[in-house]
Amino acid sequence: MIPLPKDGSITIPIAILSTGLQELLGHHTPIILVVVTGISALGSLITYLFKPKLIMGSNLLNSLFNTTWVWLSLRVLAFVFISIITMQVSGFSFPSFMLPLVEVITSSDTGSLVLADLLPVLFSIFLFAGLFLPLLLDFGLLEFIGSLLVKVMRPVFGLPGRSAIDCIASWLGDGTIGVLLTSKQYEEGFYTKREAAVIGTTFSLVSITFSLVVINTVKLGHLFVPFYLTVTVASLVAAIIMPKLPPLSLKKDILYDGSTPEASTEETTHIIAHGFKNALQKAEKQTFKQSIVIDGFKNVLDMWFGVIPVVMAVGTLALILATYTPLFQILGIPFTPLLNVLGVPEAAAAAQTLVAGFADMLLPSILASSIESDMTRFIVASVSVTQLIYLSEVGALLLGSKIPVKFWELFIIFIERTLITLPIISLIAHLIF
């Protein structure tokens with residue numbers, strides 16, 4: 001969590017370790033991912049069909065492979081996608097009748113993009129985040145920080161003070177880290193269904209590093225500071241409004257196990273002493289072996305076998321829709337009048353980029369790179385970062401996690417965030433340009 005300077009930007013140790021592992025694995029990563037998704041698909045299929053005692057009687061194996069037919073289908077589909085891409089790269093000759101489908105799956109804009117650019121990052125981040133998450137969760141940091149920030153998080157966002165850590169982890173590291181942190185705390189009973197859904201869809205912010213990638217994609221890197229300030233303001237407003245709107249407002253305040261949480265015991269006076277006391281009490285109960293070795297290793301396997309296949313399957317399908325169908329262009333048409341009212345130049349071109357962000361965060365910026373107006377490109381880039389729900393990454397992670405959100409709810413949340421942040425960003429853009 002400690003921010004460190006690296007190559008002219010700010011990052012955190014997990015991100016540095018992740019990058020180092022990616023460089024070490026190099027071209028071996030796709031084969032490793034074939035193995036991971038293959039084990040996930042085969043183990044889930046065997047469990048679903050035969051319910052073997054070896055798996056059903058093991059808490060670890062049961063949690064990894066005992067799943068519903070929907071998640072089983074996604075795991076099998078992910079294995080098929082990765083296998084096809086890997087075979088195509090190795091020069092395998094597919095039957096002629098399969099070539100059109102293979103081209104769609106292996107395109108650099110669809111499956112190959114997810115496999116080459118996203119999954120290696122997630123694979124390495126999951127390894128270190130999974131092993132090190134207990135250091136954040138089990139040794140008192142969240143109890144201490146939560147006590148310090150309760151006066152902000154409770155009245156403003158209706159959330160526990162500890163949820164601020166999820167936001168910071170995303171901001172400095174990656175949105176995926178925030179989702180994983182939130183899911184883990186929800187499973188352990190620290191968040192209710194409503195709180196977990198709000199935090200996962202509102203506080204899993206895009207990292208500073210990736211925000212720089214976005215603004216450079218639209219050729220406005222020299223405006224990074226006003227760009228990120230704009231994103232911050234819009235995201236804060238959205239974080240205040242979103243929990244008050246359906247579907248988030250309809251989520252129940254019950255815990256993961258279905259029980260009702262006890263009345264909040266968060267102290268609002270003597271917060272430093274109270275936070276320190278809670279932190280010590282939490283840390284005293286932990287052992288290094290249980291937290292880091294056992295729980296950490298289980299976290300890694302859970303994310304590798306459960307989340308990576310979902311990201312591959314959902315991300316590839318979303319990018320295929322965005323690349324080979326006019327779906328997102330059609331869905332973007334209603335935004336044209338709104339953009340005209342907001343005085344955004346080249347409104348029609350900008351409109352089709354707004355919904356494309358539901359598939360992948362970089363898609364809007366890539367589509368907007370040909371727009372002539374600097375202000376429009378600035379707005380598109382800013383909105384794409386504040387939308388948060390991207391099926392190729394955070395959206396798929398949310399669906400694959402235990403956080404209680406459904407696909408249709410994610411789409412509604414995505415549209416709501418777009419409608420909330422677009423006017424704010426457009427207003428600031430008019431002041432800048």
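A: Leu388 is buried, because its relative accessible area is 2%; buried means under 20% relative accessible area, exposed means over 50%, and partly exposed lies in between, for a 1.4 Å probe and protein chains only. This is a predicted model, in which local features need pLDDT of at least 70 and side-chain atom pairs count only at pLDDT 80 or more, while totals for chains, interfaces and linings use all residues. Residues are numbered from 1 along each chain as its sequence is written, and side-chain values use heavy atoms, with hydrogens and water left out.

Leu388 lies in the loop between α21 (374-387) and α22 (394-400); helices are DSSP runs of H or I with at least four residues, strands are runs of E with at least two, and both are numbered from the N terminus. Although Leu388 is not a glycine, its phi is positive, at about 70°. Lys51, which is also not a glycine, has a positive phi near 50°. Lys51 sits in the loop between α2 (29-50) and α3 (53-56), and with a relative accessible area of 41% it is partly exposed. Another backbone detail concerns Pro246 and Pro247, which are joined by a cis peptide bond with omega of about 5°. Pro247 belongs to the loop between α13 (224-241) and α14 (271-284).

The helices may be considered next. Helix α16 is mostly covered, with 12 of its 17 residues buried. Among the buried residues of α16 are Ile308, Met312, Gly315 and Ile320. Thr316 also lies in α16, and its relative accessible area of 0% makes it buried. Apart from neighbours within four places in sequence, Thr316 is in contact with Phe81, Gly111, Val114 and Val311, where contact means heavy atoms within 4.5 Å.

Phe81 takes part in a helix packing as well: Phe81, Ile84, Ile85 and Gln88 in α5 meet Val102, Ile105 and Thr106 in α6. The residues of this contact comprise five nonpolar, two polar and no charged; Ala, Val, Leu, Ile, Met, Phe, Trp, Tyr, Cys and Pro count as nonpolar, Asp, Glu, Lys and Arg as charged, and the others, Gly among them, as polar. Helix α5 (residues 69-89) and helix α6 (residues 99-106) pack at an angle of about 100°, with axes 10 Å apart. The two helices α5 and α6 are therefore roughly perpendicular to each other.

Helix α1 (residues 13-25) and helix α7 (residues 111-137) cross at roughly 130°, and their axes come within 9 Å. Helices α1 and α7 are therefore oblique to each other; angles under 35 degrees count as roughly parallel, over 145 as roughly antiparallel, 65 to 115 as roughly perpendicular and the rest as oblique. The contact includes Leu17 and Leu21 of α1 together with Phe128 and Phe132 of α7. The residues that form the contact of α1 with α7 are 12 nonpolar, three polar and no charged.

Finally, Asn299 is part of helix α15 (residues 288-306) and counts as buried at 7% relative accessibility. Not counting residues up to four places away in sequence, Asn299 touches Gly130, Leu133, Pro134 and Lys184.

Technical notes
Axes are lines fitted to C-alpha atoms, for helices over the stretch in contact, and angles run from 0 to 180 degrees between N-to-C directions.
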